[in-house]
Amino acid sequence: MSRAAVLCGLGGALPERIVSNEELAEQLDTSDRWIRTRTGIGQRHVVAPGQSTSDLAVAAGAQALASARGTADRPDPGVGPVDLVVLATSTPDRPCPATAPDVAHRLGLGGVPSFDVSAVCTGFVYALATAASMITAGVAGRALVIGADTFSTILDPADRTTRAIFGDGAGAVVLRAGEAGEPGALLGFDLGSDGSGADLITVRAGGSRQRSVPGPAAAGEEFFTMDGRPVFTRAVLDMSRSSQSLLERVGWSAAEVDKVVAHQANIRILNAVGEQLGLEEKQIVANLDRVGNTVAASIPLALRDAVAGGELQPGHRVLLTGFGGGLTWGSAALVWPELETGRPHR
């Protein structure tokens, strides 16, 4: 058997504070019905003052490491629990430096290589592919991959659309070196991007382009913006194409997939991708009604909730797919292993 990256641990973390649709309706021109019919979201979690992306990443990472210790072989003597940390985020604690080294330090992982990956809502799939490649190349033996974002910190308080959609959270997995034929082995990836759509999902201020111009940023440019209609179209198209391409590569038909865990952007997008792939409703995992769109945390949090709730079982054929700013998209496939996890998020 050839060397492969094998998923052996899973964790997640959400801020304590829950913001319901009813609470948003008290602040903005919206309603629970308006939000649910357009997004499928009923509530979202948001960070407390002073709480950051790294705080959620550390909590999710610790849970994933604990899960791996309960299910995976022990690491080699003298080697820490992981020897690589990859953090997918578009809301780092600071513009500089990367947040991953601080997360690794706080988890007690010593001087392992740690870095951030920025691909917005596709970030987790990109980070997963990066870590898996380093494992199969022999650069790393065990990797902690985290998706964490706190989009509540970059949303316009007066924008009912983005505030209704996005929530904060973190999800994480542990990968270890193993063999291609065993449960949990990542079977393949499909990744892509299209920079011509960079302005569709963006924060215009804060980067070198805006800062190179004298004077302050224009009003509102410090907030996240999204052009909903073209984003919807591209999300459905690119996730469907990426998924189909990967399924052909690994030799699965859509009917043979037990669970599709797509980026939890919007229930209408999930349903449209399912229609494009010819999926049944029971094949699609959804938890966005409880957590909203958690960006890079979306896929691992959905995985954790599906496992803890009994929806995702060992032996299931699983397709992961995401779409985000950049524009970026990506998919991954694996047969689900047996893991120890905690209770699902509510």
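Predicted model: local features only at pLDDT ≥ 70, side-chain atom pairs only at ≥ 80, totals over all residues.
Student: Which residues of helix α2 are buried?

Tutor: Helix α2 covers residues 32-39. A residue counts as buried when its relative accessible area is under 20%. In α2 the buried residues are Trp34, Ile35 and Thr39.

Student: Why do the buried residues of α2 line one face of the helix?

Tutor: An α-helix has 3.6 residues a turn, so residues three or four places apart point the same way. Looking down the axis of α2, the buried residues line one face because they fall within an arc of 95°.

Student: What covers the buried residues of α2?

Tutor: The cover comes from several elements, among them the strand β3 (43-46). Helices also take part, and the cover includes α1 (21-27), α6 (160-165), α9 (267-277) and α10 (288-291).

Student: Which residue just after α2 takes a positive phi?

Tutor: The buried residues of α2 include Thr39. Just after the helix, phi is positive, at about 85°, in Gly40.

Student: Which element gives the most to the lining of the largest pocket?

Tutor: The largest pocket holds about 950 Å³ of space, and 34 residues line it. Two or more lining residues come from each of β5 (114-117), β9 (201-203) and α7 (208-211). With 4 residues, the element that gives the most is α7.

Student: How many residues in the lining of the largest pocket are charged?

Tutor: Nearest the centre of this pocket lie Ser90, Pro92, Ser118, Val203 and Ala205. By class, the lining has 11 nonpolar and 16 polar residues, and the number of charged residues is 7.

Student: Which element supplies the largest share of the lining of the second largest pocket?

Tutor: The second largest pocket has a volume of about 500 Å³ and a lining of 24 residues. At least two lining residues come from each of α2, α6, β10 (224-226), α8 (228-250), α9 and β12 (317-324). The largest share, 6 residues, is that of α8.

Student: How many nonpolar residues are in the lining of the second largest pocket?

Tutor: The residues nearest the centre of this pocket are Ile165, Met226, Gly228, Asn266 and Arg268. Its lining has 7 polar and 3 charged residues, and the nonpolar ones number 14.

Student: Is Ala332 buried or exposed?

Tutor: Ala332 lies in strand β13 (residues 328-335). Beyond its neighbours within four places in sequence, Ala332 is in contact with residues including Leu128, Phe189, Leu246 and Leu319. Its relative accessible area is 0%, so Ala332 is buried.

Student: With which side chain does the side chain of Thr53 make a polar contact?

Tutor: Thr53 is in helix α3 (residues 53-71) and is buried, with a relative accessible area of 1%. Residues in contact with Thr53 include Thr89, Thr91, Asp93 and Ala148. The polar contact, at 2.8 Å, is with the side chain of Thr150.

Student: What is omega for the cis peptide bond that joins Gly326 and Leu327?

Tutor: Leu327 is in the loop between β12 and β13. Another peptide bond, from Cys96 to Pro97, is cis with omega near 5°. For the cis bond that joins Gly326 and Leu327, omega is about -10°.

Student: What is the relative accessibility of Val295?

Tutor: Val295 is in the loop between α10 and α11 (298-308). Although it is not a glycine, Val295 has a positive phi of about 60°. Val295 counts as buried because its relative accessibility is 1%.

Notes. Residues numbered from 1 in each chain as written. Heavy atoms only, no water. Buried < 20%, exposed > 50% of the residue type's maximum accessible area, 1.4 Å probe, protein only. Arc of directions from axis to C-beta. Contact = heavy atoms within 4.5 Å. 1 Å grid on protein atoms, 1.4 Å probe; cavity = no way out; pocket = protein on both sides within 12 Å on 5 of 7 lines; lining within 4 Å. Points joined across faces, edges and corners; volume = space filled by probe spheres on them. Nonpolar A, V, L, I, M, F, W, Y, C, P; charged D, E, K, R; others polar. Polar contact = N/O pair within 3.5 Å; in protein donor to acceptor, adjacent residues only side chain to side chain.
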